[in-house]
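Open the model in a viewer and keep the selection panel at hand. The stops below say what to select next and what is there.

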Amino acid sequence: MRLAPALGVRHRAAVTLAIEELLHAHRPAHLVVAAEGVWTPAVFSTVLRAHRTALEHRVGFAVVTAAPTAADQLVSNSSGPVRVHRSLAQALSDARSQPAAPTGTGPRP
């Protein structure tokens with residue numbers, strides 16, 4: 001999922017809902033969020049929400065950003081594992097090489 005570079009605070013809930021719908025409809029093993037623009041507070045908050053949603057659904061999570069400060073803040077403010085990549089190609093390659101999320105009896109969509 002690519003985040004718009006000018007993502008505003010008023011769009012966070014819509015993006016979170018779109019991620020929920022994506023996870024329910026497609027049941028992916030991994031979610032890659034590309035936030036390659038400027039990391040505004042709204043972008044940072046949206047990525048953290050996406051991370052929490054992925055954890056709730058037991059889906060692997062990765063972020064694409066070239067901003068080292070954003071990556072450091074994301075890792076230090078996350079409640080679970082976050083893989084940060086500098087390119088989308090690298091993130092997708094890493095996701096393909098990771099094992100699928102567990103498919104036990106838990107709440108995975």
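Start with L3, W39, V47, F61 and L74: of the 21 residues in the largest nonpolar core, these touch the most other members. A nonpolar core here is a set of buried Ala, Val, Leu, Ile, Met, Phe, Trp, Tyr and Cys residues joined through side-chain atoms within 4.5 Å. Buried means under 20% relative accessible area, exposed over 50%, and partly exposed in between, with a 1.4 Å probe and protein chains only.

Colour by element next: α1, β1, α2, β2 (60-64) and α3 (68-77) each give two or more residues to this core. The most comes from α2, with six residues. Helices (H or I, at least four residues) and strands (E, at least two) are DSSP runs numbered from the N terminus.

The model is predicted: local features need pLDDT of at least 70 and side-chain atom pairs count only at pLDDT 80 or more, while totals for chains, interfaces and linings use all residues. Residues are numbered from 1 along each chain as its sequence is written, and side-chain values use heavy atoms, with hydrogens and water left out.

Now select L3 alone. Leaving aside residues up to four places away in sequence, L3 touches V15, V33, A34, A35, V43, T46 and V47; contact means heavy atoms within 4.5 Å. A second, separate core has six residues, among them V32, V64, A91 and A95.

Which residues line the largest cavity? They are L3, A4, P5, A35, E36, G37, V38 and V43. The cavity holds about 30 Å³ of space. A cavity is a set of points on a 1 Å grid over the protein atoms alone where a 1.4 Å probe fits but cannot get out, and lining residues have an atom within 4 Å of a point. Grid points are joined across faces, edges and corners, and the volume is the space filled by probe spheres set on the points.

Move to helix α1, residues 12-26. Its end C-alpha atoms are 21 Å apart, which agrees with the 21 Å that 15 residues should span at 1.5 Å a residue; the expected span is 1.5 Å times one less than the number of residues. Select V15, T16, I19 and L23, the buried residues of α1. They cover an arc of only 100 degrees around the axis, so they lie on the same side of α1; the arc is that of the directions from the helix axis to the C-beta atoms. Their cover includes β1 (30-34) and α2 (41-56).

Finish in two loops. R27, between α1 and β1, has a positive phi near 50 degrees and is partly exposed at 48% relative accessibility. R58, between α2 and β2, has a positive phi near 55 degrees and is partly exposed at 27%.

Methods
1 Å grid on protein atoms, 1.4 Å probe; cavity = no way out; pocket = protein on both sides within 12 Å on 5 of 7 lines; lining within 4 Å.
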